[in-house]
Amino acid sequence: VASVVAVTLFDLTMAARTGIAMIENLTLPMHILFGVSLAVVGQSGDLLISVLKRKSGLKDTGAIIPGHGGLLDRIDALLLALPFFAAIVAVLERLS
């Protein structure tokens with residue numbers, strides 16, 4: 001749900017800022033599909049980093065945030081989700 005809201009808010013924010021929506025051709029089902037796929041990619045990033053940490057024998061990747069496994073644990077989902085989001089937006093811009 002949060003990913004769908006984020007995609008919709010991004011679209012509305014860009015429309016307010018530039019006068020045109022970056023993703024103006026997206027229907028509600030397309031917003032939902034984009035948001036759900038973004039959530040899946042984010043979760044995959046989290047799992048991928050966990051696997052890499054286990055293989056390398058690391059429990060925590062730092063002590064900046066005590067008790068949370070390090071800063072990498074806070075941003076691991078974003079490592080795949082942000083490039084995915086940018087790529088989808090770029091593709092949609094070219095299609096519109």
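Which residues make a nonpolar surface patch of about 360 Å²? The answer is L28, I32, V36 and V40.

## About the model

Welcome to a short tour of this structure. This is a predicted model, in which local features need pLDDT of at least 70 and side-chain atom pairs count only at pLDDT 80 or more, while totals for chains, interfaces and linings use all residues. Residues are numbered from 1 along each chain as its sequence is written, and side-chain values use heavy atoms, with hydrogens and water left out.

## Overall build

The protein has four helices and zero strands, and from the N terminus on its elements run α-α-α-α. Helices (H or I, at least four residues) and strands (E, at least two) are DSSP runs, numbered from the N terminus.

Buried residues make up 26% of the 96 residues in the protein; buried means under 20% relative accessible area, exposed means over 50%, and partly exposed lies in between (1.4 Å probe, protein chains only). The protein exposes about 6,400 Å², and carbon and sulfur atoms supply 71% of that area. Accessible areas come from the Shrake-Rupley method with a 1.4 Å probe, and for residues only the protein chains shown count as cover. Turning to contacts (heavy atoms within 4.5 Å), take those between residues at least 6 apart in sequence: 58% of them join residues at least 24 apart.

## Helix α2, inside and out

Helix α2 covers residues 28–56. At 1.5 Å a residue, its 29 residues should span 42 Å, and the end C-alpha atoms are 42 Å apart, which agrees. The expected span is 1.5 Å times one less than the number of residues in the helix. Just after α2, G57 takes a positive phi of about 80°.

The buried residues of α2 are H31, F34, G35, L38, V41, G42, G45, I49 and K53. Back to the patch from the opening: L28 and V36 are two of its members. L28 is in α2 and counts as exposed at 58% relative accessibility. For the patch definition, residues need over 30% relative accessible area and no salt bridge; like charges are joined within 9 Å, and nonpolar side chains (Val, Leu, Ile, Met, Phe, Trp, Tyr) within 5 Å. A salt bridge is a side-chain nitrogen of Lys or Arg within 4 Å of a carboxyl oxygen of Asp or Glu.

## The aromatic pair

The structure holds one aromatic pair. F34 and F85 form this pair, which is stacked, at 5.6 Å centre to centre and 5° between the planes. F34 lies in helix α2 and F85 in helix α4 (residues 78–95), so the pair ties together parts that are 51 residues apart in sequence. Both F34 and F85 are buried.

For the cut-offs, rings of Phe, Tyr and Trp (its six-membered ring) pair if their centres lie within 6.5 Å; planes under 30 degrees apart count as stacked, over 60 as edge-to-face and the rest as tilted.

## Links across the chain

V41, in helix α2, touches L80, A81 and F84, not counting residues up to four places away in sequence.

Helix α1 (residues 2–18) holds A6, which is partly exposed with a relative accessible area of 39%. A6 and G35 are 29 residues apart in sequence and 7.6 Å apart in space, C-alpha to C-alpha. L28 and T8 are 20 residues apart along the chain, and their C-alpha atoms are separated by 9.0 Å.

R74 belongs to helix α3 (residues 71–75) and is partly exposed, with a relative accessible area of 46%. From R74 to D46 the C-alpha distance is 9.2 Å, and the two residues are 28 apart in sequence.
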